[in-house]
Amino acid sequence: MDHGETLSLNLQDKTVQLAGYALPVDRDGDLVYQFLLVPWTGACSHMPTPPPNQIVLVTPAQPYRMSEAYQPVSVTGALQPGMEKSQLFILDGVSVIQSGYAVRKAEVVDVGTVPDTITLPVNSPWTFLNKKKN
């Protein structure tokens, strides 16, 4: 059984652009040094945690000023497949979240909304967003 642990290794070092919701992992006030990019708002804290291949650990090139958790952002950078565990401090304690991809030195920009269908390379980890239920 695959619990979302199958990673697209052919994405190694490919530059991708992903829109999603930022969940701070390492922050100082409103400056965020590392965050998890998740496909839906509420993921990991009061909704089920997505499988690892739908979570990206992002390290911004410069600390990113974030006004709220689950801020909609667009991330551009080289995708690195690889399981990593991150501690997430949430309202009711600490949760350990496994991410399947990482983007370091990422360019991060605010977006107004995260579109339901995102135009991306065919084998992006985010293609599950484009799949229509049969």
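How many bridges join strand 5 and strand 6, and in which sense do they pair? Select both: strand 5 and strand 6 pair in the antiparallel sense over 14 bridges. Strands here are DSSP runs (E, at least two residues), numbered from the N terminus, and two strands pair if DSSP finds at least two bridges between them.

Before moving on, some ground rules. This is a predicted model, where local features need pLDDT of at least 70 and side-chain atom pairs count only at pLDDT 80 or more, while totals for chains, interfaces and linings use all residues. Residues are numbered from 1 along each chain as its sequence is written, and side-chain values use heavy atoms, with hydrogens and water left out.

Strand 1 pairs with strand 5 in the antiparallel sense, over eight bridges.

Next stop: S99, in strand 6 (residues 93-110). S99 is buried, with a relative accessible area of 0%; buried means under 20%, exposed over 50% and partly exposed in between (1.4 Å probe, protein chains only). Leaving aside neighbours within four places in sequence, S99 is in contact (heavy atoms within 4.5 Å) with residues including L36, P52, V56 and M83.

Zoom in on V108: not counting residues up to four places away in sequence, V108 touches F35, V58 and Y64, among others.

Then jump to P63, in the loop between strand 3 (56-60) and strand 4 (64-65). P63 is partly exposed, at 42% relative accessible area. Select V32 too: P63 and V32 are 31 residues apart in sequence but 5.4 Å apart in space, C-alpha to C-alpha.

Finally, colour by pLDDT, the predictor's confidence in each residue, from 0 to 100. The chain averages 79, and 78% of the residues score at least 70. Look at residues 117-123, where pLDDT stays under 50, and then at residues 128-134, where the pLDDT is also below 50.

Terms used: Helices (H or I, at least four residues) and strands (E, at least two) are DSSP runs, numbered from the N terminus.
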